[in-house]
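The sequence and model come first.

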Amino acid sequence: LDKEELKSMISKLMGLHPDALQPLTDFVYRTTSGNIFFVLELIKSLEEEGCIYKSKSSSLWQYDERRMLLTKYSTDVQNLMIEKVRGLDGPVREILQVAACIGAEFEEK
């Protein structure tokens, strides 16, 4: 996604005017380069971390730019994916490590 497409997507997800989302859009784009898979994973993670949240008083989505910039994901998506893998159960993580060594395609037996 380019930056404008990303801003439009985030606007639709959060129900906010695109102009209110420039700092969030910049952060997500800088971190993910617009890769849709990474965009969705990052947004989910930002919500889990409390950087994106629904206001209790207005029920509108909001984001905390300062908190967002302090996350471990603030530099690149690689940190995000490392944390996702670390969060997996031991056996699942081991299977993923073996699969990564095999390559992009393999048959389950």
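Which residue caps the N-terminal end of α3? Asn35 does, with a side-chain oxygen 3.0 Å from the backbone nitrogen of Phe37.

## Basis

This is a predicted model in which local features need pLDDT of at least 70 and side-chain atom pairs count only at pLDDT 80 or more, while totals for chains, interfaces and linings use all residues. Residues are numbered from 1 along each chain as its sequence is written, and side-chain values use heavy atoms, with hydrogens and water left out.

## Helix α3

Helices (H or I, at least four residues) and strands (E, at least two) are DSSP runs, numbered from the N terminus. Helix α3 covers residues 36-48, 13 residues in total. From first C-alpha to last it reaches 18 Å, close to the 18 Å expected at 1.5 Å a residue; the expected span is 1.5 Å times one less than the number of residues.

## Positive phi

Most residues other than glycine have a negative phi. Ser33, in the loop between α2 and α3, has a positive phi of about 55° although it is not a glycine. Ser33 is exposed (over 50%), at a relative accessible area of 56%.

Just after α3, Gly50 takes a positive phi of about 85°. Ser59, in the loop between β1 and β2 (61-63), is not a glycine, yet has a positive phi of about 60°. With 48% relative accessibility, Ser59 counts as partly exposed, the class between buried and exposed.

Terms used:
Polar contact = N/O pair within 3.5 Å; in protein donor to acceptor, adjacent residues only side chain to side chain. Buried < 20%, exposed > 50% of the residue type's maximum accessible area, 1.4 Å probe, protein only.
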